[in-house]
Amino acid sequence: MPVRSLGSSVLRWPSREEVEEALKAWLSRHPIPGLVAAGYFGSYARGEAGVGSDLDLLFLAAHSPLPPEKHPLHLPQKEPPLPAEALVYTLEEWKGLPQRSPRLARVLREETRWLLPPP
């Protein structure tokens, strides 16, 4: 989602604030059944994003009948604010993440900027 600088033909990559507002709008247009928390992590959350950065999303759902690797397949793919990749966990999977993947759990705990905070 490159955007034009005001009064210029120069394209620039959107700021964290612009991406956050676009993500909130995207979530409001595409409600996700069972969603209990939503946020983003990675370069945008750390304030290090630059041209070509993607958006790393994190969603927590109350439950899912699907195996973990298939959770992101049911996310709405229309109008994402940027090229994005998503991690989707049920609450049960989220609670067990520190035991299964301590490093990932630490990064997500430290970096995630929650738009809809977990319960």
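This is a predicted model: local features need pLDDT of at least 70, side-chain atom pairs count only at pLDDT 80 or more; totals for chains, interfaces and linings use all residues.

**Exercise 1.** Work out how the rings of Trp26 and Phe59 are arranged, and which parts the pair ties together.

*Solution.* Start with the whole structure: a search turns up 3 aromatic pairs. For Trp26 and Phe59, the ring centres are 6.4 Å apart and the planes sit at 45 degrees. Planes under 30 degrees apart would be stacked and over 60 edge-to-face, so this pair is tilted. Next, place the residues: Trp26 is in helix α1 (residues 16-29), while Phe59 is in strand β4 (residues 55-61), so the pair links parts 33 residues apart in sequence. Both Trp26 and Phe59 are buried.

**Exercise 2.** Decide whether Tyr89 and Trp94 are each buried or partly exposed.

*Solution.* The cut-off for buried is under 20% relative accessible area. Tyr89 has 11%, so Tyr89 is buried. Trp94 has 21%, so Trp94 counts as partly exposed. Their ring centres lie 6.1 Å apart with planes at 45 degrees, which means another tilted pair. Tyr89 and Trp94 also share one aromatic cluster with Trp114.

**Exercise 3.** Find which strands are joined to β3, and how they run.

*Solution.* Gly39 has Trp114 as its bridge partner in β6, and Trp114 is the cluster member from Exercise 2.

Notes:
Residues are numbered from 1 along each chain as its sequence is written. Side-chain values use heavy atoms; hydrogens and water are left out. Rings of Phe, Tyr and Trp (its six-membered ring) pair if their centres lie within 6.5 Å; planes under 30 degrees apart count as stacked, over 60 as edge-to-face and the rest as tilted. Helices (H or I, at least four residues) and strands (E, at least two) are DSSP runs, numbered from the N terminus. Buried means under 20% relative accessible area, exposed over 50%, partly exposed in between (1.4 Å probe, protein chains only). Two strands pair if DSSP finds at least two bridges between them.
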